[in-house]
Amino acid sequence: MGCKDCCSACFHCFFDYETPVTLVISSKRVGALFRLIQLLIIAYVAIYVCWQQRAYQDQDSVISSVSTKVKGNILTNSSIEGVHVWDVSEYVIPPQGENTFFVLTNMIVTPGQTQSSCPEIPSEFTNCESDSDCKEGFNEIRGNGVQTGRCVQYSDAIKTCEVISWCPLENDTVIPKPALLGAAEDFTVLIKNNIQYPKFSFRKRNILRHINSTYLKNCTFNKKTDPHCPIFRLGDIVTEAGEDFSVIALKGGIIGIFIDWSCDLDFSERFCIPKYSFSRLDNKNPENNVAPGYNFRYAKYYKNNENIETRTLIKAFGIRFDVIVFGTAGKFHIVPTIVNLGSTLSFLSLVNAVCDWFMLNFMKDSNYYSKHKFIHLNKKGDCVPLSSMETTSYGTP
Amino acid sequence: MGCKDCCSACFHCFFDYETPVTLVISSKRVGALFRLIQLLIIAYVAIYVCWQQRAYQDQDSVISSVSTKVKGNILTNSSIEGVHVWDVSEYVIPPQGENTFFVLTNMIVTPGQTQSSCPEIPSEFTNCESDSDCKEGFNEIRGNGVQTGRCVQYSDAIKTCEVISWCPLENDTVIPKPALLGAAEDFTVLIKNNIQYPKFSFRKRNILRHINSTYLKNCTFNKKTDPHCPIFRLGDIVTEAGEDFSVIALKGGIIGIFIDWSCDLDFSERFCIPKYSFSRLDNKNPENNVAPGYNFRYAKYYKNNENIETRTLIKAFGIRFDVIVFGTAGKFHIVPTIVNLGSTLSFLSLVNAVCDWFMLNFMKDSNYYSKHKFIHLNKKGDCVPLSSMETTSYGTP
Amino acid sequence: MGCKDCCSACFHCFFDYETPVTLVISSKRVGALFRLIQLLIIAYVAIYVCWQQRAYQDQDSVISSVSTKVKGNILTNSSIEGVHVWDVSEYVIPPQGENTFFVLTNMIVTPGQTQSSCPEIPSEFTNCESDSDCKEGFNEIRGNGVQTGRCVQYSDAIKTCEVISWCPLENDTVIPKPALLGAAEDFTVLIKNNIQYPKFSFRKRNILRHINSTYLKNCTFNKKTDPHCPIFRLGDIVTEAGEDFSVIALKGGIIGIFIDWSCDLDFSERFCIPKYSFSRLDNKNPENNVAPGYNFRYAKYYKNNENIETRTLIKAFGIRFDVIVFGTAGKFHIVPTIVNLGSTLSFLSLVNAVCDWFMLNFMKDSNYYSKHKFIHLNKKGDCVPLSSMETTSYGTP
C-alpha cells in the first residue's frame, strides 16, 4: 500500500462520521411509552435531583469558633455556708471553655478537709467489726482512701475501716433538694459563633447584620418571636429540650445547643442564617445507667493558721451545655453537575431498550417490526431475520 | 415447540451478537464537528476533572490532636500589685487546653472581696435617692448582687442601692491602657499537631522529619523563611492575622490558627505538609456588637486571718488562640474514577445526537442523508422516508 | 405549508419512535466475548460497588458528646509532701473536660514561692562571674524571670544572674523516677458517649441497651471478653496502645481513645455498635523532638500569715487522654444509587465498541461483517462499503 492510500485511510478514519441507521415507527403506543419514560426521567432529574437534593452543588463542612458569656447572680442561704451570693466566676467552671460551658446548679460542700485519717463512709465494702476486717494499705477502687488496717467507730451504731485521705470524708448520699442554685434558670448566656466554609471563602457570624445594638441589649431568644437573638435564657433552653429545669438541676445533665448552618450559597448571603435547636444529650432514666446526671468534684485549697494545707471539696452538680455547630454549604459546581446529569443520561439510553422490548413482544405488528429492525447474518453468509426464518431476508428482497 | 427448538432459541438469545447498522458519511464538516466535540469532552475530563479537581480520588477528613506550650515571662509594675513577674502558670488560663489556649494580656484586679454588702456600681438601674427606690431581694440580671433594700452613699455625690455580694464590687469602667501584659507579644508558643487520615492509615505530625533538634530549639515561624517551624511568636501571629497586638491586647479577642493538611496521597508522603494561616475570628468593630473583645472573670480564693473566705477577682482580658485543623486527603480509588468517567462517557453519546441534528438541518445534502439514515415504517407496512414521501422507500427500491 | 401539515409534522415528531436497525451476528466467539464483558461489569457493580463499597448509600458524619469520670485513689510518700492521698479532684486537671481528660502521673513540686528575687537555675545563658555578665531588665525567653543585673551565688561553686520572679525557682532537671503516681494505671475511667447522625435522625449511646446495671458496676473493658463495657482501666488503655505505663508515666504523653461509630443503617439499629481502639498520639522517641512527653505547670495560691501571696508551683507530668469519636453512617438513597448505576451503564455501552472492534479486526469473516454493518455514503451519492470498494454497496444490490 502506498503512502497516498495510507493517508487517505487515516483521513477517512478521522473525518468519516458514523451514525446509526434508524428505523422510524409511526405507532402512537410505542411513541407515547417512549416519551412518557423520557419525561419521567427528566422530571426526576429536574425535580428531585436538582431541586430537592441540589445534587449539582459542591459541598463543604462548617468550621466554627464559639465563645460564651453567662450572666446572673444568685443568693443562697444554706446551713453550712450561710448567706452567699454566687456570681459568674463561681458557678461557671472552668471560667471559660471552647464549645462548652458548665453552670453549677447543686452541690455538696465538704469544708475543712486535711490529709489525715478518718472512718470510711459506711457501705458493704467498708463496714467492719474488728481490725481483722480491714487490711492495711488496701486501696478499694470505689473507696475514698487507703486503709490503715484499723476498724473505728463511724457513728454510735456503725464501725467502718479507717482510711488515710482528705478527712473528714464527703458524704454524698443526701443531695440537697430542691437544688441549691435552682434559680439559675433565670441566667442568660450570650453565644457568639463565627463560622466559615473555607472552600467557598464564606464567613459569617450568628449576630446577623440587620440586628442592632439596642435590640441585642434587651432581647432573649424565642423560637417564634426572636429567632435571631443570640442571648438565651437557661430555663428556656432546658424547656425547649423537653426537660424540667428543677429536675435536671438536682443531679445535673448535658444539654446540646445545636446550631445548624446548612446553607445554599447559590442564593444571597442574607438567606444563610443559623437555626437553633436544643436537646438533652445524656440519657435521663434508662434502666441500664451508671452515674446518672452530670457531676464532678473540685476543691479550693487554703493554708490554715498552722500552715497546714486545707481544702473545701465541692461535688458540683450542674448542666453542661455543649454548643454543637454543624452544617454543610452547597454551591453550584460543574463536576457534580456533570456526574449527576451524565448518570441520568445513561438511563435515557435504557429507555430505547425498554421500548424495543415492548415493541417486539406486545405489539400486534411485532413480527413485521422485528423483520425490519434485525438483519440476521448467519455463518453461511445469508441474512435471515430471526422471527421469520421462512420469509426472505431484508437484505435480499 | 420441541426441546431442541427451545435450546436453540436460548442459545441464539445468549450468543447472538447485536450491533447497530451504521451509516458512514464522508463529510469533512460533520466529521470535524464530531471530532471537535469529542475532543472538548475528553479535554474537560483530562484537564479539569482529573488534573484540577482530582475527581478520581476517594477522600477522607482529617482527625487531629493538638498540644500547645507557651513560653515567656513579663514584669509588670502596677499600683495595686506592685512589681510582679508573670510566668506561664499565671497568664495561661486554664493551664492546658485541647485545641485552644488563652493568653492574658490585660486585667482588672479586685483584691480582698468577701461576702458582705456594699453600694452598687452607679448606673441607670442602680442609682437611688431613698430606700424606696431599692427593693429587698431584687436581683437585676445586669447587676452585681441581690439588693438589701437600702439606699447608701457610693461616693460623695452619688447614692446607689446596697447589694449583698462579693464586696467591694469590681469597677470595670476603666480598662488599663496600655495593656498591662502588652509585652506578651514576645511570648512564643510551640504547637504540636498529630493528624491522621484513618481511611488511608496515614499519620503525620507537624514537626517534619527533615527538621532537626538544633533548628527546633532556635527557630521561629516565618511564612517565607521558616514555614515549617512549629514555634510561633504571638506578635507575629497577630500581625499575620492583620491586627495590631497593642490594640487587641487591650480588650482581648479570638485569633484562629488554621492548619491546613490538604494532601494528595497519590504522591509521596513527603509532599504532605501543613500550611499555616491566621485570622481574627471575633468581629472587631461592627456596629451591632455586644461584649466586644474577649474576657472572662476568675478568682483566687483565700482564707484571711479570721478564717473568712476572701478572694481576688480578676477580670481577664486576653487573646484566645483557637488551633483549627482541617483538610481532606485524596487517594486514587476505582469507584469515584468509574463514576466520573462513566458520566462523561454518557456525554460522548450525546455528541452523536448533536452531529445528527447538524447533519440533517444544516448540510447541503441533508435530504439525501436523511433518506439513508431513516427507514420509515408506517402502519400500512410500507417503508417511507419522512423527508421525501414522494420518492420510493429505501427498503423497496 | 398549511396548519394541518404543521400539526401532522409535530405529531410525527413527538410520537414517531426511533430505534436503530441492528445487525444480528450468530458468532459464538463475538457473542461469548460480549456476554463475558457484560458479566464482568455487572459483577463489578454488584460485588464491589454495591456490596463492598456500599456506593448506593447516602452518608453522614457523626456528631458526638463525651463525658468522662475517673475513679481511684493513690497514697504517695514523698520527702517534700510526706504521706499524701491523691483523689480525683487533685489528679484530674482540669476537673472536667469535653473530649479530653488529663491524669497526673508525675510531678515536680516547688512550694512556698513568693514574688522576690533569687539566683537563676544554672545554664549556659545564666551563669556569670560578675555583675557585668548580667543585664538589668533583661528577659531571656528561656529564662525564669527578669534579671536584676546582679551576679549572685547559686551554690558553693556556681554563680548565676539574679532574677525577679516567683522564688525560689523550680529546678526541673531531676524528674522523680519511678513516677510518683505510677499506680495510676489501676484507675478506671467511665466514658459516656452519645452520638447522632442528624441526616438520618439516628441517636445512640455507647452504653448499649442489652447491658444491665449490675454488669456495668463491675465490668472492665477488654477487647475480647468485654468489648462493650464503657469502663476502662488506664493501664489497659496504655497497653493496648502499645506503650509501657511505667515509662509513659515518667514524662507524660497523649493517648488517643478512638471510638469508631461507622454504621450501615440499612441494617437494624442493633448492629450499630462502637468499636474502641487506642494509640499514642505524640511521638515517643523521634530524633527531632522538642519538649517530649506531656506536661504543664499550674499553681495553688495562698496568703501566708503576713498576708503575702504565696504559691505552690506544680509541674505536672501526666497522660492526656483524647477521646476521638469518628465514623460515617450510610443509608440507601436514590441519588447515589442512580449516579453509580448510571455511570456503570455508560460502560456497558462501551462493550459494543470493544466487540465491534474485535469483530471487524480479528474474525475470519470480518470483511463480510463490515460489508453489512457499514453503509458508506460518499459525496457523489453512492453507497460504498469501506472495506470492499470494488463490490457493490449494500443499499443497491
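The model is predicted: local features need pLDDT of at least 70, side-chain atom pairs count only at pLDDT 80 or more, and totals for chains, interfaces and linings use all residues. Residues are numbered from 1 along each chain as its sequence is written, chains are lettered from A in the order in which they are written, and side-chain values use heavy atoms, with hydrogens and water left out.

Chain A meets chain C through 92 residues of chain A and 78 residues of chain C (contact: heavy atoms within 4.5 Å). The two chains bury about 7,000 Å² between them, 56% of it on carbon and sulfur atoms. Buried area is the accessible area (1.4 Å probe) that two parts lose on being put together, summed over both. Asn288(A), Val290(A) and Leu377(A) supply 11% of the area that chain A buries here against chain C, more than any other three residues.

Two salt bridges are counted between chain A and chain C (a side-chain nitrogen of Lys or Arg within 4 Å of a carboxyl oxygen of Asp or Glu). One pairs Lys300(C) with Glu309(A) at 3.2 Å, N to O. Helix α7 (residues 334-362) of chain A gives the most to the side of chain A that touches chain C, with 10 residues. Helices (H or I, at least four residues) and strands (E, at least two) are DSSP runs, numbered from the N terminus.

Strand β19 (residues 374-377) of chain A runs parallel to strand β2 (residues 22-25) of chain C, joined by four bridges (pairing requires at least two DSSP bridges between two strands). Phe374(A) lies opposite Thr22(C).

Toward chain B, 78 residues of chain A contact 92 residues of chain B. About 7,000 Å² is buried between them, 57% of it on carbon and sulfur atoms. Tyr17(A), Val21(A) and Gln96(A) supply 11% of the area that chain A buries against chain B, more than any other three residues. Arg311(B) forms a salt bridge with Asp87(A), with the closest N and O atoms 2.5 Å apart. Strand β2 (residues 22-25) of chain A runs parallel to strand β19 (residues 374-377) of chain B, with four bridges.

UniProt, in an unreviewed entry, lists residues 32-51 of chain A as "transmembrane region". This segment is 100% helix in the model.

Note on methods: UniProt positions renumbered as here; feature names shortened; annotations may be inferred.
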